[in-house]
Amino acid sequence: FVFFSIQLNAQKFMGKNGEISFFSEAPMEDISAVNKKVSAVFDASTNDLVFQLKISDFIFPKALMQEHFNENYLESDIYPNSTFSGKVIEIQNSKTTVQGNLTIHGKTNNINVDGVMKQDAESVFISAVFSVKLEDYNIRIPKIVMYKIAEEIDIKVNIELKQIK
């Protein structure tokens, strides 16, 4: 029994097809996009959790929005990736709190996110909803479009990680 519990704690999980979406509600126009190529790794023995995505993999309903997002706001040619590196600091009845460093647009901030984490021997499912302020990541909004883009963006995360064997 002790050997089995040690073996469970040493498990690592990885996913490559996670989904992160965001939504910006603003007076003139709502903006949303989804990225279905999110990678993550969770080490159950250390509670380390890492996410990574390519900014240019976000898909928008309108091509012009996608172009402006990549060229004018997130500058994906200069800052191609976004990452999160942190730890699961609490799990209670599938509700979890994660703390770590989120890097967007070349700027890193420490964040705490509450979400859901369900784990069994074969997989881990993670979901969360949180907000980020654009100014915290040096993302500038030109005055001409300031009524089209919210200053705070809602982010949703859903990913299933499979055990690395």
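## Two residues with positive phi

Asparagine 138 sits in the loop between strand 7 and strand 8, where helices and strands are DSSP runs numbered from the N terminus (helices H or I with at least four residues, strands E with at least two). Although asparagine 138 is not a glycine, its phi is positive, at about 55°. At 35% relative accessibility, this asparagine counts as partly exposed, since buried means under 20% relative accessible area, exposed means over 50%, and partly exposed lies in between (1.4 Å probe, protein chains only). The model is a predicted one, in which local features need pLDDT of at least 70 and side-chain atom pairs count only at pLDDT 80 or more, while totals for chains, interfaces and linings use all residues. Residues are numbered from 1 along each chain as its sequence is written, and side-chain values use heavy atoms, with hydrogens and water left out.

Histidine 105, which is not a glycine either, has a positive phi of about 60°. This histidine belongs to the loop between strand 5 and strand 6, and its relative accessible area of 7% makes it buried. As background, most residues other than glycine have a negative phi.

## The overall fold

The protein is built from two helices and eight strands, which follow one another from the N terminus in the order α-β-β-β-α-β-β-β-β-β. Of its 165 residues, 39% count as buried. Among contacts (heavy atoms within 4.5 Å) with a separation of 6 or more, 57% are between residues 24 or more positions apart.

The protein exposes about 10200 Å², and carbon and sulfur atoms supply 52% of this area; accessible areas come from the Shrake-Rupley method with a 1.4 Å probe, and for residues only the protein chains shown count as cover.

The largest pocket holds about 890 Å³ of space, a volume being the space filled by probe spheres set on grid points that are joined across faces, edges and corners. A pocket is an open set of points, on a 1 Å grid over the protein atoms alone, where a 1.4 Å probe fits, with protein on both sides within 12 Å along at least five of seven lines, and its lining residues have an atom within 4 Å of a point. Of the 48 residues that line the largest pocket, those closest to its centre are Phe22, Phe58, Phe69, Leu74 and Ile153. Two or more lining residues come from each of strand 1, strand 3, helix 2 (63-73), strand 4 (81-92), strand 5 (95-104), strand 6 (107-119), strand 7 (123-133) and strand 8 (152-163), and helix 2 gives the largest share, six residues.

Isoleucine 153 lies in strand 8 and is buried, with a relative accessible area of 7%. Leaving aside residues up to four places away in sequence, isoleucine 153 touches Phe22, Phe23, Ser24, Phe130, Ser131, Val132 and Leu134.

## Serine 21 in strand 1

Serine 21 is part of strand 1 (residues 12-24), and its relative accessible area of 17% places it among the buried residues. Not counting residues up to four places away in sequence, serine 21 touches Ala33, Val34, Asp154, Ile155 and Lys156.

## Salt bridges

A search of the whole structure finds four salt bridges, each defined as a side-chain nitrogen of Lys or Arg within 4 Å of a carboxyl oxygen of Asp or Glu. In one of them, aspartate 48 and lysine 87 meet with an N to O distance of 2.7 Å. This pair links distant parts of the chain, with aspartate 48 in strand 3 and lysine 87 in strand 4, 39 residues apart. Aspartate 48 is partly exposed at 31% relative accessibility, and lysine 87 is partly exposed at 36%.

Another salt bridge joins lysine 165 to glutamate 122, with the closest N and O atoms 3.2 Å apart. Lysine 165 lies in the segment after strand 8 and glutamate 122 in the loop between strand 6 and strand 7, so this pair ties together parts that are 43 residues apart in sequence. Lysine 165 is exposed at 78% relative accessibility, whereas glutamate 122 is partly exposed at 43%. Lysine 162 and glutamate 160 also form a salt bridge (3.1 Å, N to O).
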